[in-house]
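Subject: Structure for your review

Dear colleague,

Please find below the structure that I am handing over to you. I would be grateful if you would look through it alongside my notes.

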Amino acid sequence: MLNTNFQDLLQKELERIDSLGIQKRNERIIEGFNKEHGSTKAKIKKKNFLVFNSNDYLGLRHNSLIANAEHKATKKYGTGPGAVRFISGTLKIYKDLESEISKFHKKESAMLFSSGFATNLGVIQALVKGPSKDSLINSNTLIVSDELNHRSIIDGIRVSGLSKESRLIFKHKDTKHLDKLLDENKNKFDRVIVITDGIFSMLGNFQDLKETRKVIDKHKQSYSQGILLVVDDCHGVGCFGKTGRGVEEHTKAKADLLVGTFGKAFGVDGGYIVADKLIVDYLKESTATYIYSNPVSPGCAGASLQAVKIVNSASGQKRLSKLNDNISYFKKKLKNTSYKLAQDSSHAIQPILIGDSKKTKELVNHFFKNEILVTNISYPIVPKGQDEIRVQLSSSHTKKDIDAFFEVLNMFQYN
């Protein structure tokens with residue numbers, strides 16, 4: 001039984017969180033989904049809700065081809081992997097998926113993880129130092145991270161064990177500041193890891209990798225082991241860029257190591273990296289969240305494999321085109337309201353700035369009463385006073401769905 005003093009402390013902390021209106025534990029329970037008037041709606045207490053808070057940017061999570069592929073893989077390989085890959089062996093479906101996703105990104109090799117979060121948590125630490133005290137990989141490493149990077153990157157840097165002097169933050173998308181930090185620290189470290197989101201998940205804006213690469217090329221000779229550019233493009237892959245190759249494609253620049261996920265635009269689950277074979281081979285020997293954690297289920301891998309094939313087809317291009325049409329239509333409709341975006345975005349994430357946490361929460365409840373699901377993003381996820389409704393569009397939305405969203409938004413009156 002918990003110590004009474006600790007119980008009291010936990011209770012007070014929950015009360016503090018509740019008083020700020022930022023609690024996350026009271027999730028909506030979705031009982032299923034219904035196809036209605038061309039769009040997929042979530043079923044909650046016998047009512048059908050429009051979904052504007054999902055990462056399913058291409059509308060693939062209800063795709064019958066993907067569901068059938070999941071069933072086929074489960075029937076062939078079983079419901080689970082049996083153990084971690086180096087112990088029980090690697091199922092062929094995992095190798096097939098790694099081959100397909102590396103080809104999709106035009107990279108030499110790929111590596112699967114249980115989630116995008118686990119990917120960053122493990123990979124960052126492994127790039128900073130070797131897996132044991134006998135490793136030849138020393139920890140004389142500098143990490144320079146964009147200030148608005150995802151929590152998984154922040155935690156990955158924390159668990160890497162680097163000193164404060166070895167963990168620097170550059171101002172959001174500010175390559176001049178990045179340039180300054182790399183210049184100030186030249187010849188102090190053996191190697192540098194510059195790490196950034198591709199698409200920033202709270203704002204929908206993107207890092208200019210071409211400009212980032214120019215700064216890195218300028219300074220890479222000042223570090224004996226060079227500078228590695230790591231990009232987490234989990235929100236960009238599949239739904240951004242001309243053919244869905246994400247921020248690399250959009251900015252015409254390459255990461256040295258790209259982190260992706262099957263849990264967003266691909267509509268399934270699990271994380272991955274793509275990079276040169278040498279880097280991937282090293283990470284398979286050193287990344288704790290890969291070595292000591294089960295991969296996704298065989299069914300999930302089979303579904304992901306089918307999803308990549310769809311995104312890489314004419315059907316996928318059609319979905320991407322529809323998504324971009326929906327983004328343009330949404331932005332056009334927003335201009336006719338009194339609201340504005342927290343950041344101009346050409347991505348499916350359209351963050352409507354509200355500013356006040358209470359007002360933001362009331363607006364979410366207003367949408368819910370009118371059978372639309374949206375999510376409020378508040379401190380500490382975003383800075384105080386920058387509370388927003390993060391609208392997430394999908395190719396599965398119709399113009400009628402978007403019209404309904406704005407009809408409800410314009411009805412809102414803050415008390």
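The notes below describe a sheet, one of its strands, the helices packed on it, and a pair of helices elsewhere in the chain.

Please bear in mind throughout that this is a predicted model.

The sheet

Seven strands make up an open sheet with mixed pairing, and their order is β4-β10-β9-β8-β7-β5-β6. At the edges lie β4 (109-113) and β6 (167-170), each of which pairs on one side only. On average, neighbouring strands of this sheet are turned by 20° against each other, direction ignored.

Is strand β7 buried or exposed? Seven of the seven residues of β7 (residues 191-197) are buried, so this strand is largely enclosed by the rest of the structure. The covering applies to both faces: R191, I193, I195 and D197 are buried on one side, and V192, V194 and T196 are buried on the other.

On one flank, β7 pairs with strand β5 (residues 141-146) in the parallel sense over five bridges, and L142 stands opposite V192 of β7. Strand β8 (residues 227-232) also pairs with β7 in the parallel sense, over six bridges; here I195 stands opposite V230 in β8. Between β7 and β8 the chain passes through helix α8 (residues 209-219), and this β-α-β crossover is right-handed.

Strand β5 also has a parallel pairing with β6, over four bridges. In that pairing, I143 has R167 of β6 as its bridge partner.

Helices on the sheet

Helix α4 (residues 92-105) packs on the sheet and touches β4, β9 (257-261) and β10 (271-275); its direction makes about 125° with that of β4. Helix α7 (residues 175-184) packs on the sheet as well, touching β5, β6, β7 and β8, and its direction makes about 155° with that of β6.

A pair of helices

How do helices α14 and α15 meet, and at what angle do they cross? The axes of α14 (residues 357-369) and α15 (residues 399-411) come within 10 Å and cross at roughly 130°. The two helices are therefore oblique to each other, and their crossing is right-handed. L363, H366 and F367 of α14 make the contact with F405, V408, L409 and M411 of α15.

Yours sincerely,
A colleague

Note on methods: Residues are numbered from 1 along each chain as its sequence is written. This is a predicted model: local features need pLDDT of at least 70, side-chain atom pairs count only at pLDDT 80 or more; totals for chains, interfaces and linings use all residues. Side-chain values use heavy atoms; hydrogens and water are left out. Buried means under 20% relative accessible area, exposed over 50%, partly exposed in between (1.4 Å probe, protein chains only). Two strands pair if DSSP finds at least two bridges between them. A crossover is right-handed if, with the strands pointing away from the viewer, the path from the first strand over the helix to the second runs clockwise. Axes are lines fitted to C-alpha atoms, for helices over the stretch in contact, and angles run from 0 to 180 degrees between N-to-C directions. Angles under 35 degrees count as roughly parallel, over 145 as roughly antiparallel, 65 to 115 as roughly perpendicular and the rest as oblique. A crossing is left-handed if the near helix is turned anticlockwise from the far one by less than a right angle, and right-handed if clockwise. Contact means heavy atoms within 4.5 Å.
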